[in-house]
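Here are my notes on the model, point by point. Please read them with the structure open.

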Amino acid sequence: MFSLDKHFSIGDITIIVSVTNNHCYYGKKDGNIIFLFMPESKVNTIGNQSTQKALKLLLSKILINEAKNEFPTIAAEWADKTGLHYNVLRIKRVSSRWGSCSSLNNINLSCYLLLLPRHLIDYVIVHELCHLKHRNHGPQFKSLLHSYFPLWRVYEEEMKVAARKLYWLMF
């Protein structure tokens, strides 16, 4: 839950909720710090579901904008390294999965990936790129993924831990 009296860190990102005399919510990212500003008139409602939802939506908008700046470069680099090329890369506010690959060779990534360490972002992108060649999680897929990430099982566990930590933010 967002709070005014404490900040919290997720991976390398610190999120700080502050009060503003503006009449609307707004936010900004400065380096590894994301500032979420809420109207002074809403201070007493910080614990309310509607205020928490507004802060979550604001955070996801900031993450989407940042991810649109960062993820295409990372994905293009990995596409070149692997020889696995996608059609379109989309960044979405997806809470049910970190990424997906469509039958049209489009890759969708969750904006919440931006809250994870870089090696996990790389892992998810390569995971989805591997689905361009193998549309399931069978032995051939796992072998291809292993060729780029020999520690993919460790990364899978890290992703599960991250999902548990971020669950409250994503829903």
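1. First, a term. Two strands count as paired if DSSP finds at least two bridges between them. Keep in mind that this is a predicted model.

2. Start with the hairpin. Strand 3 and strand 4 pair in the antiparallel sense, over five bridges. Two residues lie between these strands, and Gly31 takes a positive phi near 65° there. Asp30 has Ile33, in strand 4, as its bridge partner.

3. Strand 1 joins strand 2 (residues 13-20) in the antiparallel sense, over three bridges. Within strand 2, Thr14 is the bridge partner of Ser9.

4. Next, the core. Nonpolar side chains tend to be buried together in soluble globular proteins. Here the largest nonpolar core has 53 residues. Ile15, Leu36, Phe71 and Trp98 have the most contacts inside this core. Which element gives the core its largest share? Helix 1 (residues 49-82) does, with 11 residues.

5. Trp98 deserves a look of its own. Neighbours within four places in sequence are left aside here. Beyond them, the contacts of Trp98 include Asn108, Leu109, Ser110, Tyr112 and Leu113. Also among them are Leu116, Val124, Met159, Ala162, Ala163, Leu166 and Met170.

6. On to the aromatic residues. The structure holds nine aromatic pairs. Why does the pair of Tyr26 and Phe37 count as stacked? The ring centres are 4.7 Å apart and the planes lie at 20°, so the pair of Tyr26 and Phe37 is stacked; the cut-off for stacking is under 30 degrees. This pair links distant parts of the chain, 11 residues apart: Tyr26 is in strand 3 (residues 26-30) and Phe37 in strand 4 (residues 33-39). Tyr26 is partly exposed, at a relative accessible area of 30%. Phe37 is buried, at 14%.

7. Compare a second geometry. Phe149 and Tyr155 have ring centres 5.6 Å apart and planes at 65°, so this pair is edge-to-face. Phe149 is buried, with a relative accessible area of 8%. Tyr155 is buried too, with a value of 14%. Ring pairs also link Phe149 and Tyr155 with Trp78 and Tyr123 into a cluster.

8. Two lysines deserve a check against nearby rings. Lys81 lies over the face of Trp78, at 4.3 Å from the ring centre. Lys28 lies over the face of Phe35, at 5.7 Å from the ring centre.

9. Last, a backbone point. Which residue has a positive phi although it is not a glycine? Asn105 does, with a phi of about 65°. Asn105 lies in the loop between strand 6 (99-101) and strand 7 (107-110). The residue is partly exposed, with a relative accessible area of 26%.

Note on methods. Residues are numbered from 1 along each chain as its sequence is written. This is a predicted model: local features need pLDDT of at least 70, side-chain atom pairs count only at pLDDT 80 or more; totals for chains, interfaces and linings use all residues. Side-chain values use heavy atoms; hydrogens and water are left out. Rings of Phe, Tyr and Trp (its six-membered ring) pair if their centres lie within 6.5 Å; planes under 30 degrees apart count as stacked, over 60 as edge-to-face and the rest as tilted. Helices (H or I, at least four residues) and strands (E, at least two) are DSSP runs, numbered from the N terminus. Buried means under 20% relative accessible area, exposed over 50%, partly exposed in between (1.4 Å probe, protein chains only). A charge sits over a ring if NZ of Lys or CZ of Arg is within 6 Å of the ring centre and within 35 degrees of the ring normal. A nonpolar core is a set of buried Ala, Val, Leu, Ile, Met, Phe, Trp, Tyr and Cys residues joined through side-chain atoms within 4.5 Å. Contact means heavy atoms within 4.5 Å.
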